[in-house]
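Hi everyone, and thanks for making time for this.

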Amino acid sequence: FASLLDAIERSYYDSVPYHCLLHAVDAMHSTFWLLRHGGVDEGLGKEHIFAMLFAAICHDISHPGKNNAFCVQSRAHLALLYNDRSVLENMHA
């Protein structure tokens, strides 16, 4: 499991100020808090809870730190890959 967490950590770019590992941990912690204290976990199995926490920590892996308009205007690889349509949303899908 530690090697998986190491791989997740390496997948976030240090040069991106917001969509970084700290943001991922914050999203995972917020998800955990909502599950425990917001009653969201009622009726969910352990597998579903794990999936939600895992998705939260992985949700911005490889985020370039730019918005859609910047990616399209700069002809970034992701913009070309997704035909300039909802570039970052498609990257996350």
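Let's begin with a pair of histidines: the side chains of His-23 and His-59 make a polar contact at 3.0 Å. By polar contact I mean a pair of N or O atoms within 3.5 Å, where, within protein, one must be able to donate a hydrogen and the other to accept it, and where residues adjacent in sequence count only if both atoms are side-chain atoms.

Before we go on, a word about the model: it is predicted, so local features need a pLDDT of at least 70 and side-chain atom pairs count only at pLDDT 80 or more, while totals for chains, interfaces and linings use all residues. Residues are numbered from 1 along each chain as its sequence is written, and side-chain values use heavy atoms, with hydrogens and water left out.

How confident is the predictor, on its pLDDT scale from 0 to 100 for each residue? The protein chain averages 93, and 99% of the residues score at least 70. Confidence is highest in helix H4, residues 68-73, at 96, and lowest in helix H6, residues 87-92, at a mean of 91. The helices here are DSSP runs (H or I, at least four residues), numbered from the N terminus.

Back to His-23, which sits in helix H2, residues 21-37. Is His-23 buried or exposed? Its relative accessibility is 13%, so His-23 counts as buried. The cut-offs are under 20% relative accessible area for buried, over 50% for exposed, and partly exposed in between, with a 1.4 Å probe and protein chains only. Setting aside neighbours within four places in sequence, His-23 is in contact with Tyr-18, His-59 and Asp-60; contact means heavy atoms within 4.5 Å.

Helix H2 also holds Leu-35, and this leucine is buried, with a relative accessible area of 3%. Which residues does Leu-35 touch, not counting those up to four places away in sequence? They are Val-40, Asp-41, Leu-44, Ile-49, Met-52 and Leu-53. Phe-32 is in helix H2 too, but at 37% relative accessibility it counts as partly exposed. From Phe-32 to Met-52 is 20 residues in sequence and 8.6 Å in space, C-alpha to C-alpha.

Side chains of opposite charge can pair when their charged atoms come close. The structure holds one salt bridge, meaning a side-chain nitrogen of Lys or Arg within 4 Å of a carboxyl oxygen of Asp or Glu. Its partners are Asp-41 and Arg-36, with the closest N and O atoms 3.5 Å apart. Asp-41 is buried, at 17% relative accessible area, whereas Arg-36 is exposed, at 51%.

Last stop, the surface. Phe-1, Leu-4, Leu-5, Phe-50 and Phe-54 form a nonpolar patch there, with about 480 Å² of accessible area together. Patches are made of residues with over 30% relative accessible area and no salt bridge, joining like charges within 9 Å and nonpolar side chains (Val, Leu, Ile, Met, Phe, Trp, Tyr) within 5 Å. Helix H1 (2-11) and helix H3 (46-58) each supply at least two residues of the patch. Phe-1 lies in the segment before H1 and is exposed, at 62%. Leu-4 is in helix H1 and, at 34%, counts as partly exposed.

Notes. Areas by Shrake-Rupley, 256 points an atom, 1.4 Å probe, with all protein chains shown as cover.
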